[in-house]
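Good morning, everyone, and thank you for making time for this. Please have a look at the structure on the screen, and then I will take you through it one part at a time.

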Amino acid sequence: MTERIYGYNGIILDVDLSSGKIEKKAISPFDLKNFVGGRGLGIKLLWDHLKDKPGADPLGQDNPLMFMSGLFSGFPAPSSSRTCVVTKSPHTSPKESPYAHASTLSYSNMGGFFGPELRFAGYDGLVITGKAADPVYLFIDDDKVEIRDARKFWGTGTDQFDKDFIEELGDPRFRTCYIGPAGENLVEYASIINTAARAAGRGGTGCVMGSKNLKAVAVRGTGQPRVGNHRLFLDSLEEARQRFKNEQVYGIWRTSGTAFGLELFSGLGMMAVKNFREGTFSEVDKIGVQPSMKNWIRSFSCYCCPLACKKSGKTTDSPFAGLVHDGPEYETGTMLGANLMISDLAGILKAVYISDDYGLDIISLGNVIGFLMEAYEKKLIDKKFLDNIDLNWGSVDATLEMIHRIATRQGIGDLASRGVRALAEEIGQDSHKFAMHVKGHELAAHNCHANPPRAMCYATSNRGACHLNGTSIEEQNSMALTDSIGVCSFAMGGYGNDGGLIAKLMTGITGAASKSDLSQIGERIYNLEKLFNYREGFTRADDVIPERFFEEPLTVGAKKGAVLTRDQFKNMMDEFYTKRGWDLKTSEPEAAKLKNLNLPF
Amino acid sequence: MISNRDLPQWSRRNFMKVAFGSGAVVLLGQFGVFQLASAQQGEENSLTMILVDYSKCTGCRTCETVCSAFNHPKEVNGELLNGTGNPYLSNIKVYSFNPDVDVPTVCAMCPDNPCIKACPVDPDPSTGRRALYRDNKTMAITVDPDRCIGCQSCAEACRLGVIVPHPETALPERMCTLCDGEPQCVKYCPFEALSHVKVDITKEFYGMKPGQIAEKLIKDWYGVSD
C-alpha cells in the first residue's frame, strides 16, 4: 500500500559511484513523519546505512555523503533556502574507542538554491556512496541522472570552477555545488562551496566528497511537491511574508549581515581573540561594519530570502585592491582577523577569498592558524617547523602562506590539515591546553569565559564544537528542527519564537502534524545523533572544553577577569544530562527516554 | 496532467540566445532609430511593463514564485486558488552571474511586436488578431490556443528568448500577463526592485539581454570585465 505523501516527492536519489548504479528509492512515511527532512532525515539515513558498520572509515566507500533538502525546500516560504549535508565526520574522534576510525556524524548547512532545486527535480535528498575510479561530477536534470567525467576540472579553484561549470552545462539555471583543491587533497576540514560564495563549511563534508572523487553536483528541475492543505499553506505563506516586512525582522541583516557581530561580541568580551586567550579585540573598529561598508556594493539573497544578509564588495586598499568577494561575516572576520590579531581588513578579505577558492572551513582554518601562532610565540615550535614562515600574530602574509600550505598539504600544511588536536599531539609540551577543539572539531568565533552557556553548547554538540548547536536544550531541539525544514536560522526570529507559524506551515505543506509533535521532533533527532556517536565510543569524557577557559581569565576588555570554574561547568553538564534523560556518568541516553521518542526502531 | 518534466533542446538554445546575444550594445538597444519612429505610433503610449532596478535586486527570486502562483492557479475543492509557486512556471526569470549580479528578465513589451509580426496565422477579420495578440486591457502578449498552430515562430522572433513553447502543446508560454493589471512581482518584491511603468525604450537597459546587462553591471560595480 502506498500512502500519498503530501509536501514531499517521497524519493531519495541514490548514487553508488563505485558501481555507477543510480536508483530512486522511496522514503518510508515513518521516516518522513518522525525525522521531517534535512538534518533529521540525514541522521536517520546515516544510521540506516551504517547500521552494521560502527567505526566505518569516513573516507571509505560505505560512508554516505548526503545532500538533504528540508520540508520547506522548494516552497516559497521566506528564507527556505538551506540544504543540509550529512555524513560521517573525517575529523572528529573520541578519547577511547574499539574502532580505529571512530567519529561523530557531521552535518553542515549551506545557503543558496541547491536544496530547493533538488526538490524541483523530484527528490527530497541525494545519497552518494562508493568512490569513482576517476574524478566525476553528478548531473541531475529531472529524471535524467548521469555520472560524468570531471577529470579536466580536477584541481580548479571554486571561483573559476563555478564559471567553467555553467559553461559546461549550458544553462545558468542549473544549481551546483562543488569542492576545491582542499577537498580534492582530503584536508580534514575541507568544505563544499556553491555560487563561489556559500559553504557547507564545517565538519569536513568537502573532504568526504573528495574521497569519493566527486568534484561537483549539478541539478535542474521543473516540478514541485504537492501540498496537503492548499488553502492553509497559502494563508500561512501570506502571514509569513507580512511578518518579514517588519524592519525589526530584516533590519540588521539587510544593513550589515553578521558583520554587526564583530563590534558587538568584542564589546561583550565574547569574541575569539588571539586563539581564544582574550574576548575583546582592541582594533575591532578596523574590521567591523563601518570600514566594511566602504567596500560593499550590494546585498544578495538566498532562495526567497527577504533578509539579504550577504554583502558583495570590492576592496580598495593595497596590496589587495580590486578583490571582489563577499564579507566579512562574523565568523570569517573573527577567525581570520581578531583570532589572529589581524586588523588589516583587506588582508582578511584576501584570506577569506583564497579559503573559499580552495574550499576550506574558515572557522577550523582560523582556529588552526591561531594555535600555530601561539605555539610559535611561546617558542614551542620554531620557524623550521613552520617551513620558514614567520607566523607572527597579525601577519597577513604569513597567514596567506599558511593557507596555501594547508590547502595543498605541503610541508607543515600536511599536519595542519588534520586540525589542532593532531598538531597539539605532535608538538606536545602541554600545547593541548590551548588546542581549542571539542572531540577534534575546532571551536568557532564565540568565546566562553564571559558566556558559560556557550561552553555547554560546544561541549554537547553532536558534531564536535559547534556554535550553532544551542545554549539550552530548547534551543538545541529547535535548531535541529530548523535544520530539518530547511529554513535559515537567521529567519527564525521573523517566523516568531513561539513556533506557531512554523507549525501552521508544516501542517499546510504536509496536511498533517500539530504543534505538540514539533517539540518531540527536535529531541528525537538530537537523541539519534547522540546514539550514533555513543555507539562509536563517545561518552561524557568527550564532552569537555579546553583548559584555557578554566585556567586563563581574560586580561582585557569589559569582561577582564572572566573565567569559568570547573564546578560551574560540571553543574551545567549535570543539569544537561539530567534534563536530557542521559546517564550522568556515561552520557548514554536512557532506554525509557528513547522509547518515548520512537527510538530505536 | 501535463508534465513539466520534459524540457527539450529549447532550454540550451534559450540560454545561449538570452545570455550571450551577439553584437555590441547600441543606443536604444536592439531597436534602432527606424523602429523608434514606427513605435511612436499607436500603441506605445498604452504599453506598460515591469522595470527592474538592478541596484536593489538581490536575486532572491520571490518574483518568480509569486508570478508562478498567480498565473498558474489550481482548483482546490471547487475553488480557484493561487498555485504553490513553482519558479519553473514563472514568466519572470532571474539570471545570476559570477561576479555576483542578478538580472531579472521578463517580456519587454516591445512596441514593434516582433512576436506578433512573426505569427503566420492571418488576422481575424472581426478582431484583427492573429493567434498571438495583445490583451485589450493589459496589452500583454496573449495566445489564442484555438488558432495557434504551434509553429514556434513567435518564440524564435522574441528578442529576449522569453517565449518558451510548451513541450507538449507547443503553445507559446512565459509572456508577462501583468497579472491582469496588478503585477504580483512588483507587489511582493521584498526589496522594491520592481516597478510597473510605461514602456520607455530609451531607458538604459531596455531590451538588453541578461548577459549584456550583467556585463555592464559587473564593469560598473566591480570594475572588471569578464
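Into which domains is chain A divided? Before I answer, please keep in mind that what we are looking at is a predicted model. Chain A is divided into domain 1, which covers 11-220, domain 2, which covers 253-435, and domain 3, which covers 452-596.

Let me stay with the first pair in that list. The C-alpha centres of domain 1 and domain 2 of chain A lie 26 Å apart, and the contact between them takes 31 residues from domain 1 and 25 residues from domain 2. On the side of domain 1 that touches domain 2, the elements giving two or more residues are α4 (158-169) and α5 (181-184) of chain A, and the largest share, 3 residues, comes from α5(A).

Now to chain B, which has 7 helices and 10 strands, and in which 45% of the 226 residues count as buried. Among its contacts between residues at least 6 apart in sequence, 66% join residues at least 24 apart.

Finally, how do the two chains meet? Here 35 residues of chain B are in contact with 36 residues of chain A. Several elements of chain B each supply at least two residues to this side, including α3 (62-71), β4 (93-97) and α7 (210-222), while α1(B) gives the most, with 4 residues. The residues on this side of chain B divide into 15 nonpolar, 14 polar and 6 charged.

Methods
Residues numbered from 1 in each chain as written. Chains lettered and ligands numbered in written order. Predicted model: local features only at pLDDT ≥ 70, side-chain atom pairs only at ≥ 80, totals over all residues. Contact = placed C-beta atoms within 7 Å. Nonpolar A, V, L, I, M, F, W, Y, C, P; charged D, E, K, R; others polar. Buried ≥ 20, exposed ≤ 12 C-beta atoms within 10 Å, placed from the backbone. Domains from an automatic or database assignment.
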